[in-house]
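Please read the points below alongside the coordinates.

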Amino acid sequence: MNNSKPVSVPLGSHFKLSKKESPSTREERAEMKKVPYASAIGSYVDADLASNDLNGRRSTTEYVFTYGGTSISWTSKLQKTVALSTTEAEYVAATEARVVSLQVGDC
């Protein structure tokens, strides 16, 4: 795992997305504004405080994003900095995942 790199994978081949699925009327857009992001695009973020890196004491960031029950992006990697608390490690993981969520949202 120390040499692993995060990768994004395409949506399951049985999903065919098109612009037609996007809300097109004012009513549809208003309805979608009520849908929480996590309901449309599933996500899970976690951090483990220095549990696997005994020499460097770096925490692990883990996240997965799903669409329609299919994983579309995920990672489990050591954080670039040493967190001094579990809370700090969680903030780092949440920040990294937020950056990816913006990229996933642009797809």
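1. Confidence. This is a predicted model, and the protein chain has an average pLDDT of 77. A score of at least 70 is reached by 70% of the residues. Among the elements, helix α1 (residues 26-33) has the highest mean pLDDT, 86, while strand β1 (residues 7-8) has the lowest, 58. Where pLDDT is low, the predicted coordinates should not be read in detail.

2. Layout. Three helices and four strands make up the elements of the protein chain. Read from the N terminus, their order is β-α-α-β-β-β-α. Of the contacts with a separation of 6 or more, 49% join residues 24 or more positions apart.

3. Burial and surface. The protein chain has 107 residues, and 23% of them count as buried. Its accessible surface is about 7900 Å². Carbon and sulfur atoms account for 55% of that surface.

4. Nonpolar core. Which residues form the largest nonpolar core? There are six: Y63, F65, I72, A97, V100 and V104. Two elements, β3 and α3 (86-106), each give two or more residues to this core. The largest share is that of α3, with three residues. As a general background, nonpolar side chains in soluble globular proteins tend to be buried together.

5. Aromatic pair. How many aromatic pairs does a search of the whole structure find? The search finds one. Its partners are Y63 and F65, with ring centres 5.5 Å apart and planes at 55 degrees. Planes under 30 degrees apart would count as stacked and those over 60 as edge-to-face, so the pair of Y63 and F65 is tilted. Both residues are buried, and both belong to the six-residue core of point 4.

6. Y67. This residue lies in strand β3, which covers residues 60-67. Is Y67 buried or partly exposed? Its relative accessibility is 27%, so Y67 counts as partly exposed; the cut-off for buried is under 20%. By contrast, Y63 and F65 are buried. The C-alpha atom of Y67 is 6.2 Å from that of G42, although 25 residues separate Y67 and G42 along the chain.

Technical notes: Residues are numbered from 1 along each chain as its sequence is written. This is a predicted model: local features need pLDDT of at least 70, side-chain atom pairs count only at pLDDT 80 or more; totals for chains, interfaces and linings use all residues. Side-chain values use heavy atoms; hydrogens and water are left out. pLDDT is the predictor's confidence in each residue, from 0 to 100. Buried means under 20% relative accessible area, exposed over 50%, partly exposed in between (1.4 Å probe, protein chains only). A nonpolar core is a set of buried Ala, Val, Leu, Ile, Met, Phe, Trp, Tyr and Cys residues joined through side-chain atoms within 4.5 Å. Rings of Phe, Tyr and Trp (its six-membered ring) pair if their centres lie within 6.5 Å; planes under 30 degrees apart count as stacked, over 60 as edge-to-face and the rest as tilted. Contact means heavy atoms within 4.5 Å. Accessible areas come from the Shrake-Rupley method with a 1.4 Å probe; for residues, only the protein chains shown count as cover.
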